[in-house]
Amino acid sequence: MASEESPLLTSSSDGSKTTHEVIYDRFTRRRKRWIVFIVSCAGLLPKLVAASFVPSIPQVAKELHSTHAAVSLTVSLSTFATAIGTLVWAAYSSFYGRRTMYLCGIPFLCIGSCGVAMSNSLRSLLFWQFIQTFGCSGGLSLGAGVIGDIYKLEERGIGIGIFLGATLFGFAVAPFLGGVAAQYSSWRNLHYSLAVWGLLELLLIYVLLPETSHPGTLGIDKLKQRRRIHIAWVNPLRSLWLLRSPNLFGVMLATSLALITDYVLLVPLAYTIGVRYGITNKAIIGACFLPNGLGNFIGAPLAGRLSDILIRKWQEKRKGVWSPEDRLRATWIGGLFMVPLSIGVSGLLTTYVDGPIGLLLNLLCLFINGIGVVFVLNPIGSYNVDVVHSQSAEITAANAGVRSFILSIATALVIPSIERIGVAWTNIIVAVLALLGQGIVFLTIRYGDRMRASVDVGFSTIENN
């Protein structure tokens, strides 16, 4: 158990590699980059599936003879399926392995996508949408677990940065693709395309992705006797128990409050920027999401590299001693400045600035917000993998599950809040919440050792990180 008096991580005094450090040399640098590319492609899918459906809602409602509000239930259902799926795939990956869970999950995506495309009733649409999202949701937690498996502590941030940038870019580019499909083709063709993507991803993983879990750590490897086809029960909810640790719960809440700003800007975009600046074309509205995705894509690897640099810098200042909370110092530029300022200024611009100038400045705010959010999410995501490395997929799943629940509530309140108090005040309130989240990060940096010592959830040491 970690104590207040001793650091969580210390390095070898003679600079030689430990037995555990040698594990990270299993794959060459080029192979590691290829693995990151594969899991990043898989990580794109959950956000792409969920967000690409939004611009198609009016077209779907018309074809299925339903209402806009009823079809909109698919958004909440996707959020719920993502929360359940991330927990399930992460829990079983610790028993069967990352690669196996990818190969089990993606077929659900392919079948679900075809089912969505062929749906002729709202009931069948909701059912197949759940299957579709459940199948691909493992890409979020499994990807973080894979990167934690192949990169050692001081190199992990850049890998998770690339992965996180890809997943968030999927969320931003999806409405554009969905808008193009709704405007110029059919929402059904979009889901057939997702099924094809799933098949290609399945083939890529089967042929080129190795099992990255550390030798001897999988549950199935520890069984003394097992059947040829061994089916085990693993409680998917046990991952949530990790959040009883105050530092893990605190940083989860901080990421949720930062990510809410993304959703408050993007979810009602057609009703805020679209209406304010007279944009009615679905494809053009979808294109307005792209600056945010570009910010995610650019900012994520930068944030990861900065967090790795800070880990090494503070280790040197402490003469070889690591404190995991040093990585969280990389969140300051995003959480304290970019995130709250971008959403607050966007609300004021939408309310008071007309014409092309107002639209252009709003798009700039979306870009800055995209960078700022990943400067919060990336270091915290890497921090979670650092402190509970043996349960990296589980802590990522627990974060994603609870965060999805929080975001589903926030998303449901966005449009009613805008209608009641306006865009400016809604955005300012959310900016204040983001600042409160950064305050939680500050407390975690300051008192992280005491927070870890208060509740032991199996924190990592230098021997197993």
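Which residues form one aromatic cluster together with Phe80?

Analyst: The model is a predicted one. Phe80 belongs to an aromatic cluster with Trp89, Phe108, Phe130 and Phe134. Within the whole structure, a search finds 11 aromatic pairs. One of them is formed by Trp34 and Phe37, whose rings are stacked, at 5.3 Å centre to centre and with 20 degrees between the planes. Both residues lie in helix H2 (residues 29–52), three residues apart, which is about one turn of the helix. Trp34 is partly exposed, at a relative accessible area of 36%, and Phe37 is likewise partly exposed, at 42%.

The charged end of Lys317 sits over the ring of Trp314, 4.1 Å from its centre, and that of Arg276 sits over the ring of Tyr277, 5.8 Å from its centre.

Charged side chains also meet one another. Side chains of opposite charge can pair when their charged atoms come close. The count of salt bridges comes to 10. Among them, Asp308 and Arg327 meet at 2.9 Å, N to O. Asp308 lies in helix H14 (residues 290–317), whereas Arg327 lies in the loop between strand E2 (321–322) and helix H15 (332–352), so the pair ties together parts that are 19 residues apart in sequence. Both Asp308 and Arg327 are buried.

Arg327 also forms a salt bridge with Asp386, at 2.6 Å, N to O. Because Asp386 lies in helix H16 (residues 355–387) and Arg327 in the loop between E2 and H15, this contact ties together parts that are 59 residues apart in sequence. Asp386 is buried, with a relative accessible area of 1%, and Arg327 has 0% relative accessibility. Salt bridges that share partners join Arg156, Asp308, Arg327 and Asp386 into one network.

A further salt bridge links Arg318 and Asp326, at 2.3 Å, N to O. Here Arg318 is partly exposed, at 31% relative accessibility, whereas Asp326 is buried, at 1%.

Note on methods
Residues are numbered from 1 along each chain as its sequence is written. This is a predicted model: local features need pLDDT of at least 70, side-chain atom pairs count only at pLDDT 80 or more; totals for chains, interfaces and linings use all residues. Side-chain values use heavy atoms; hydrogens and water are left out. Rings of Phe, Tyr and Trp (its six-membered ring) pair if their centres lie within 6.5 Å; planes under 30 degrees apart count as stacked, over 60 as edge-to-face and the rest as tilted. Helices (H or I, at least four residues) and strands (E, at least two) are DSSP runs, numbered from the N terminus. Buried means under 20% relative accessible area, exposed over 50%, partly exposed in between (1.4 Å probe, protein chains only). A charge sits over a ring if NZ of Lys or CZ of Arg is within 6 Å of the ring centre and within 35 degrees of the ring normal. A salt bridge is a side-chain nitrogen of Lys or Arg within 4 Å of a carboxyl oxygen of Asp or Glu.
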